Amino acid sequence: MSSSGFKFILLVPLMVAYLMASSASNFHNDFDITWGDGRGKIVNNGEVLTLSLDKASGSGFQSKNEYLFGKIDMQLKLVPGNSAGTVTAYYLSSKGSTWDEIDFEFLGNLSGDPYILHTNVFSQGKGNREQQFYLWFDPTADFHTYSILWNPQRIIFSVDGTPIREFKNMESFGVPFPKNQPMRIYSSLWNADDWATRGGLVKTDWTQAPFTASYRNFNADACVWSNGASSCKSNASPSSASTNSAWFSQEMDSAKQQRLKWVQKNYMIYNYCNDAKRFPQGLPPECNKS
């Protein structure tokens with residue numbers, strides 16, 4: 001074999017490795033930093049995004065794409081130490097007065113006290129579907145994966161692959177379900193010390209600023225909405241544009257259902273469906289069907 005042929009054989013795996021690496025998530029390609037006057041940064045050649053908050057301002061970003069159904073994964077490392085008063089929001093949302101929204105919000109706390117993971121689902125502008133959880137790990141010590149599975153039948157919130165909440169399509173019972181409005185991904189780090197920690201009793205300690213949250217390993221296996229059309233063939237079936245379409249009809253198997261029950265038994269601290277005082281006219285209809 002000639003030396004040039006030998007060099008080519010050596011180069012092929014290097015070229016393949018480069019192509020695989022270059023196709024990985026890059027925040028420059030997927031997101032725009034939309035506010036914060038430089039407090040949001042994309043670093044490490046596009047592999048990491050950071051948001052920071054000081055007394056003057058927080059910061060935020062949004063996805064370049066809109067999505068109509070998908071499985072969205074993002075790894076977050078939350079503000080460490082005394083994060084009381086801060087909120088890190090990571091959510092899907094459409095626009096307009098009858099918007100749809102699927103929320104993760106991380107409510108900061110005093111050092112040593114747990115974060116509260118706040119979830120909500122809005123459909124046609126109506127929310128009030130809060131469920132809140134403690135986490136079974138320190139979300140500031142390392143990155144963890146927070147996922148939203150959104151298909152025509154259900155929305156599943158997961159943490160490191162463990163489901164924590166399911167919101168099913170119950171349109172047959174008169175409950176609107178997000179299914180017609182494409183949504184962007186948004187995230188922001190902001191000061192909410194009027195309500196975020198112990199109902200606003202604990203204020204943000206600005207001597208600890210700047211507060212910083214970090215993001216990496218974004219993945220969207222989803223139907224991209226562009227120019228009034230979906231990258232999926234129809235709302236009935238995703239096309240080959242989605243690399244793994246199992247999510248489109250995915251539901252929880254028995255093992256996942258057991259994990260969900262474990263989380264809700266041990267780590268759920270608020271469920272709107274158990275708050276009869278808040279709904280004197282009766283609990284929302286989905287509470288009686290889930």
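Guide: One term to begin: contact, or touching, means heavy atoms within 4.5 Å. This is a predicted model, where local features need pLDDT of at least 70, side-chain atom pairs count only at pLDDT 80 or more, and totals for chains, interfaces and linings use all residues. Residues are numbered from 1 along each chain as its sequence is written, and side-chain values use heavy atoms, with hydrogens and water left out.

Visitor: Okay. What does Trp150 touch?
Guide: Leaving out residues up to four places away in sequence, Trp150 touches Tyr67, Leu68, Phe69, Gly70, Leu92, Ile102, Ile155, Phe177, Pro178, Gln181, Met183 and Trp247.

Visitor: Which residues touch the most other members of the largest nonpolar core?
Guide: Trp150 is one of them, along with Met74, Phe104, Tyr146, Ile155 and Tyr215. That core has 58 residues. A nonpolar core is a set of buried Ala, Val, Leu, Ile, Met, Phe, Trp, Tyr and Cys residues joined through side-chain atoms within 4.5 Å.

Visitor: New topic. How many helices and strands are there?
Guide: Three helices and 16 strands. These are DSSP runs, numbered from the N terminus: helices are H or I with at least four residues, strands are E with at least two.

Visitor: In what order do the strands of the open sheet run?
Guide: The order is S1-S4-S13-S6-S7-S8-S9-S16, eight strands with antiparallel pairing. Strands pair if DSSP finds at least two bridges between them. S1 (31–35) and S16 (268–271) are the edge strands, each pairing on one side only.

Visitor: How many bridges join S9 to S16?
Guide: Three, and the two strands run antiparallel. Phe133 has Met268 in S16 as its bridge partner.

Visitor: What holds paired strands together in general?
Guide: Backbone hydrogen bonds, in either parallel or antiparallel pairing.

Visitor: Now the rings. How many aromatic pairs turn up?
Guide: A search of the whole structure finds 21. Rings of Phe, Tyr and Trp (its six-membered ring) pair if their centres lie within 6.5 Å; planes under 30 degrees apart are stacked, over 60 edge-to-face, the rest tilted.

Visitor: Why is the pair of Phe106 and Tyr146 called edge-to-face?
Guide: Because their planes meet at 75°, with the ring centres 4.8 Å apart.

Visitor: What does UniProt list for Asn109?
Guide: The unreviewed entry lists Asn109 as a "glycosylation site". UniProt positions are given in the numbering used here, feature names are shortened, and annotations may be inferred rather than shown by experiment.

Visitor: Where is Asn109, and what is its relative accessible area?
Guide: Asn109 is in the loop between strand S7 (101–107) and strand S8 (116–122). Its relative accessible area is 12%, so Asn109 counts as buried. Beyond its neighbours within four places in sequence, its contacts are Gly81, Asn82, Ser83, Ala84, Pro114 and Thr197.

Notes. Buried < 20%, exposed > 50% of the residue type's maximum accessible area, 1.4 Å probe, protein only.
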